[in-house]
Amino acid sequence: VTLAKMAGLARGKLIYGDASGDPAALAVGAADEVLTHDGTDFDWATAGGGLVLIWSQDTSAVSSIEKLNSFSATYDNYLLTYTNISFSADATDKIFIGNSGGYITANYAYGYFGVKSSATPWENSIGGNYGNMSSSFINSIDSASASEYGMTGQAWIHNPFQSGSATFLNGYSGFRNGSNDAWSTISYWWDTNSDASSDRIKFESSTGNFSTYGNYKLYGLVNS
């Protein structure tokens, strides 16, 4: 049977053999669903596992970037990536999570360890109520030019939206401050000391504005 002799078929439908052995049209699945087979018939289902991009944000010449509706009941775990984050002057990248009532700035614990520079080959700390949830605990970033490279890394954020659970974050960062010959690589963790639901995230420069060649991305890890 040639295509010209076949009856019309709605866009996205598939032809398969039904229980009677006759041709049938499988209805169109929902967005991001995948085709599955149970050993007898075809069907559409939510993809199991994997990361789903929630948003991507390039940095611009502003002092803070806020992303509302970042966390929801759809995902329990999130991956935040950041690439070439730098500023118009020496600064620290502050990262906050929170909700419409405000951002978390107290009642939490943190820790980090890593290599700071040739002058400070090893540094570590642990504590609580540090002034911000920051992916750059060790050193400020001097990025007057793109050649000095900005902070790059990733962080897993666990249970931010669950009101009955503490939020836990763990990650890794690295950057080079070219003018001062300072190389930094750090691993860090951060968690809340009380249960709260967060639906948003904010990135803030401690001094000056962000450069225009960085990027943040947030992914949701499919629950099943």
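Strand 8 and strand 9 form a hairpin, with two residues between them. Strands here are DSSP runs of E with at least two residues, numbered from the N terminus. This is a predicted model, in which local features need pLDDT of at least 70 and side-chain atom pairs count only at pLDDT 80 or more, while totals for chains, interfaces and linings use all residues. Residues are numbered from 1 along each chain as its sequence is written, and side-chain values use heavy atoms, without hydrogens and water.

Strand 8 and strand 9 (residues 102–103) run antiparallel and are joined by two bridges. Two strands count as paired if DSSP finds at least two bridges between them. Asn99 has Gly102 of strand 9 as its bridge partner.

Now turn to strand 15. Six bridges join strand 15 to strand 8, and the two run antiparallel. Ile95 is bridged to Phe203 in strand 15. Gly98 stands opposite Arg200 of strand 15. The open sheet has four strands in the order 6-15-8-9, with antiparallel pairing. Strand 6 (64–67) and strand 9 are its edge strands, each pairing on one side only.

How enclosed is strand 8? Five of its seven residues are buried, so strand 8 is largely enclosed by the rest of the structure. Buried means under 20% relative accessible area, exposed over 50%, and partly exposed in between (1.4 Å probe, protein chains only).

Next comes the largest nonpolar core, which has 30 residues. Such a core is a set of buried Ala, Val, Leu, Ile, Met, Phe, Trp, Tyr and Cys residues joined through side-chain atoms within 4.5 Å. Leu80, Ile201, Phe203 and Tyr216 touch the most other members. Elements that give two or more residues to this core include strand 8 (93–99), strand 15 (200–205) and strand 16 (215–221). Strand 7 gives the most, with four residues.

The structure holds eight aromatic pairs. Rings of Phe, Tyr and Trp (its six-membered ring) pair if their centres lie within 6.5 Å; planes under 30 degrees apart count as stacked, over 60 as edge-to-face and the rest as tilted. The Tyr75 and Tyr78 rings have centres 5.9 Å apart and planes at 80°, so this pair is edge-to-face. Tyr108 and Trp190 make a tilted pair, 5.0 Å centre to centre with 45° between the planes. Tyr108 lies in strand 10 and Trp190 in strand 14, so the pair ties together parts 82 residues apart in sequence. Ring pairs also link Trp55, Phe87, Phe203, Phe210 and Tyr216 into a cluster.
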